[in-house]
Amino acid sequence: MPFQPPADVTGGTAETVTVEIVVPVHNEERALAGCVRTLHGHLRKRLPFPWRITVADNASTDRTLRVARELAAELPGVGVVHLDRKGRGLALRTAWNASDADIVAYMDVDLSTGLDGLLPLLAPLASGHSDLAIGSRLAPGARTVRGPRRELISRCYNTLLRAGLGARFSDAQCGFKAARAEAVRPLLAVTSDDSWFFDTELLVLAEHNGLRIHEVPVDWVEDLDSRVDVVRTAVEDLRGMWRLARMKASGAADAAVPRRPAPSAEHPDAVPGSGSFLLWELGCFALIGVFSTVGQALVYWLLRPALSAPLANLVSLVILTVLNTEANRRLTFRGSTAGAGRAHLGAGALFLVGYAVTSVAVLLFQRLVPDASYAAEAVVLAVTSVLVTALRFAVLRTAVFRRSRSERAS
């Protein structure tokens with residue numbers, strides 16, 4: 001049976017999308033020529049989309065700009081942008097904002113990331129499936145060659161992002177990223193970092209605004225001739241994380257990104273179900289609450305012979321509150337971008353209220369029924385906890401894990 005001809009498609013589809021790859025450089029006269037020639041050769045042989053390369057020189061003081069212009073004169077499809085101020089983030093923001101390509105991308109001049117990952121990076125953007133795509137050295141299937149120091153720093157940094165900002169991507173700083181231009185431009189208007197934190201800022205804002213991020217496991221080989229000051233960059237990254245947390249809390253992180261249509265069934269005879277944030281949250285929260293209430297009562301009963309009623313209640317409540325909050329953050333309110341820090345701080349405040357209410361209830365029961373058993377106290381504690389749980393759900397949903405306007409829209 002012969003193959004069928006391809007569909008006749010036009011305008012903005014995978015066959016016609018244009019790609020601009022930006023290579024930001026600062027004092028890279030040694031590495032630039034090899035990078036551009038290698039990349040140019042790869043694109044000519046392997047990329048099925050119209051493309052161009054832009055070298056974004058940010059305030060180099062050596063021969064980098066001259067080398068870039070020589071390459072542009074020699075190789076078709078290579079251009080140069082020069083900035084008088086230093087900063088990788090500034091260079092990318094400037095080049096991407098000025099681009100008329102459908103897809104904008106960038107990679108580091110050292111080509112540490114294998115170019116075989118380029119087409120998998122661009123394909124989900126060309127098809128319209130995803131809004132941003134990132135190379136990841138920490139995703140399953142990735143292969144890296146780097147020293148233990150860089151490995152440890154990278155893993156610790158991305159763990160901080162997940163714990164502090166609720167990030168769900170695995171690798172923020174791999175210099176191998178692409179985005180649909182119409183999706184990324186509203187984010188560029190919100191970003192403010194001009195240096196190395198730009199990558200993280202862009203991804204956190206993308207997740208916060210409901211954009212879809214595709215991760216590509218890559219092959220990555222460390223280049224020891226790096227311009228990155230690890231200690232200074234780490235300090236700047238921590239400051240940037242704090243700034244992003246304040247932006248998300250204040251609403252300043254919201255951007256007018258294009259919205260995707262709601263999911264719909266492909267099969268013409270499908271009977272699609274209906275989804276609801278509230279129904280899912282109520283059901284999941286209730287189930288977690290049941291396990292938490294039973295767990296707290298069990299821990300209280302086990303501790304009560306050795307501790308006083310208020311102290312046994314305190315210990316059991318602390319243990320189950322931590323477990324309950326983490327379960328709700330990961331399951332019940334999984335669509336929220338609230339980080340672990342905000343989640344546990346909010347839950348900690350509710351913990352104090354819950355402890356006060358349940359302790360008063362148990363002490364009052366002891367006064368009314370002096371000969372009551374420990375099991376009866378545990379029942380009273382469980383009933384009171386149910387009321388406290390209802391209050392917790394309302395506060396967690398409306399304040400701690402509240403969804404941004406963009407999250408509700410998506």
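Trainee: Which residues of α3 are buried?

Mentor: R88, G89, L90, A91, L92, R93, A95 and W96. Buried is under 20% relative accessible area, exposed is over 50%, and partly exposed is in between, with a 1.4 Å probe and protein chains only. Helices are DSSP runs of H or I with at least four residues, strands are runs of E with at least two, and both are numbered from the N terminus.

Trainee: What am I looking at, and how are residues numbered?

Mentor: This is a predicted model, in which local features need pLDDT of at least 70 and side-chain atom pairs count only at pLDDT 80 or more, while totals for chains, interfaces and linings use all residues. Residues are numbered from 1 along each chain as its sequence is written, and side-chain values use heavy atoms, with hydrogens and water left out.

Trainee: Back to α3. Why is it called largely enclosed?

Mentor: Because 8 of its 11 residues are buried, α3 is largely enclosed by the rest of the structure.

Trainee: What covers those buried residues?

Mentor: The cover includes the strands β1 (19–25), β2 (51–58), β3 (78–83) and β4 (103–107), along with the helices α6 (181–188) and α7.

Trainee: At what angle do α3 and α7 cross?

Mentor: Roughly 55°, and the axes of α3 (residues 88–98) and α7 (residues 198–208) come within 9 Å. Axes are lines fitted to C-alpha atoms, for helices over the stretch in contact, and angles run from 0 to 180 degrees between N-to-C directions. The two helices are therefore oblique to each other. Under 35 degrees counts as roughly parallel, over 145 as roughly antiparallel, 65 to 115 as roughly perpendicular, and the rest as oblique.

Trainee: Which residues meet there?

Mentor: From α3, R88, G89, L92, R93 and W96; from α7, F198, D199 and L202. By class, that contact has 4 nonpolar, 1 polar and 3 charged residues. Nonpolar covers Ala, Val, Leu, Ile, Met, Phe, Trp, Tyr, Cys and Pro; charged covers Asp, Glu, Lys and Arg; the others, Gly among them, are polar. Contact means heavy atoms within 4.5 Å.

Trainee: And how do α6 and α7 pack?

Mentor: At about 110°, with their axes 10 Å apart. That makes α6 roughly perpendicular to α7. V184, L187 and L188 of α6 touch F198, L202, L205 and A206 of α7. The classes here are 7 nonpolar, no polar and no charged.

Trainee: New topic. Is N328 buried, or what does it count as?

Mentor: N328 counts as buried because its relative accessibility is 0%. N328 sits in helix α10 (residues 309–332).

Trainee: What does its side chain make a polar contact with?

Mentor: The side chain of N324, at 2.7 Å. A polar contact is a pair of N or O atoms within 3.5 Å; within protein, one must be able to donate a hydrogen and the other to accept it, and residues adjacent in sequence count only if both atoms are side-chain atoms. Leaving out residues up to four places away in sequence, N328 touches F285, I288, F333 and R334.

Trainee: Which residue other than glycine has a positive phi near 50°?

Mentor: L111, in the loop between β4 and α4 (118–126). With a relative accessible area of 21%, L111 is partly exposed. N27, in the loop between β1 and α1 (32–46), is not a glycine either and has a positive phi of about 55°. Most residues other than glycine have a negative phi.

Trainee: How many helices and strands in the protein chain?

Mentor: 13 helices and 9 strands. Of its 410 residues, 48% are buried.
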